[in-house]
Amino acid sequence: MHNIRNVTGRVIYVGGNDRRCQIFEGKYPVSSGMAYNSYLIKGEVNILVDTADASIAGLFLENVQAALNGDSLNYVVVQHMEPDHSATLMSILSKYPEAKVITSPKSVPMIKQFFGNDISGRLVPAVEGEPFEAPGVTLDFINAPMVHWPEVIMTYFREEKVFFSADAFGSFGALEGRIVMDPSVYDTYVDEARRYYTNIVGKYGAQVQMALKKASAFDIEWIAPLHGYIWKDGKELILDSYGKWSTFTPEVKGVCIIAGSVYGNTLQAAEILAAEVCAAGGDAVVIDTSVKHWSYAVACAYKYSAFAIVAATNDGGIFAPAEHAVRALAAHGVKGRKAAYIDNGTWAAVAGKQITDIISGMKDVSVSENSFSIKSSLTADDLPKIRALAAEMISDP
Ligand SMILES: Cc1cc2nc3c(=O)[nH]c(=O)nc-3n(C[C@H](O)[C@H](O)[C@H](O)COP(=O)(O)O)c2cc1C
Ligand SMILES: [Fe+2]
Ligand SMILES: [Fe+2]
């Protein structure tokens, strides 16, 4: 059975949830599943804005059919070619053979690569600065390269002031009944929105800034992303968060402590460091990489003004789950943070040196000289070192 909802008078939500998706994009745990949003603009001409993931193909096709209610589909806007939004494109194009494809010319070879089909004959190029006009509908496009694929476009529907923002302003997680964000629950929502942003597009902050600047030219009433809730009231909350995240501005003065420990001795150093940071007036969180996925470490490093890697040496290297997390920080563009390590070794502690090497590739991040090594377990001599490190990590630059 279809499940469609009106967003505005003419925009209908035709996407859906995959609650059984536990791992998104093959690597991100999503405990409450994923939403794949898609929208139908109705009127004299009917325009579908993006398709949906293969996992909800049946529901999606039914939703589109129900929303069309016997009318024909004239256009499909393909804002980017990532399969979570384009896997059902060919099903739509064969079901509605008269539909044309509005997309960036950069998508055309990608469509061929993914599906083997040349859609050039059905192409209406989406060009920034050249609005698409049809009876009752005007669409403006902006190019948003690397937010987060190179061919990304975002779309503004002038008549109803709806900004279709592709993957930007999205989140992990299924939609719970409502499709429009209730700003009073933003505090509980923002953590997953941050984890989504920092892991999916975080590295491309400059490109996000550029897209935000271009979008600011539109009079936006609604923001309609491809995942997570639609924004109307309170959209300044997510715009404000994006402003911080895309400029790598810390939200909290404190330390994100990323811990890696086999038997718990190194983990105890992380706990004591957290307590000392809080005692000194900062805020702290411990990510135990044995039980917490590295994507949480990435989000946490964006949120806090400093991060510390507290990790055991294993087989001449960094304890593997912690190493994965540090490399993820570097790969996801964390920059402009205070950093430190506490490593542990029973015979030759080398994790700290290797952590320092990874961090040296990060912009505006250097490793504190108060970083130090533990030998197997903490002693009373280590406590003042932890205290000094805590104080330095939350001191003003
Ligand atoms: C599988 C394994 C490999 C280890 N390899 C090293 C090593 O190469 N060099 C070293 O100094 N310590 C090594 N250690 C010791 C740890 O670095 C650490 O001192 C010890 O596990 C206690 O800390 P923990 O309780 O946080 O695990 C190893 C420990 C384990 C379990
Ligand atoms: Fe995407
Ligand atoms: Fe997506």
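The C-alpha centres of domain 1 and domain 2 lie 38 Å apart. The model is predicted. Domain 1 covers residues 5-246 of the protein chain, and domain 2 covers 255-393.

**Where the domains meet**

Contact between the two involves ten residues of domain 1 and nine residues of domain 2. On the domain 1 side, two elements give two or more residues each: β5 (28-29) and α5 (186-200). Helix α5 provides the largest share of that side, with four residues.

Strand β17 spans residues 252-260. How much of β17 is covered? Most of the strand: seven of its nine residues are buried. Two strands pair with β17, and both pairings are parallel. The table sets them side by side.

| Partner of β17 | Residues | Bridges to β17 | Direction |
|---|---|---|---|
| β19 | 304-314 | seven bridges | parallel |
| β18 | 283-288 | six bridges | parallel |

Towards β19, glycine 260 stands opposite alanine 311. Towards β18, valine 255 has alanine 284 as its bridge partner. Between β17 and β18 the chain passes through helix α8 (residues 265-279), and this β-α-β crossover is right-handed.

In a regular strand, side chains alternate between the two faces of the sheet.

Technical notes. Residues numbered from 1 in each chain as written. Chains lettered and ligands numbered in written order. Predicted model: local features only at pLDDT ≥ 70, side-chain atom pairs only at ≥ 80, totals over all residues. Buried ≥ 20, exposed ≤ 12 C-beta atoms within 10 Å, placed from the backbone. Pairing = 2+ DSSP bridges. Right-handed = clockwise from strand over helix to strand, strands pointing away. Domains from an automatic or database assignment. Contact = placed C-beta atoms within 7 Å.
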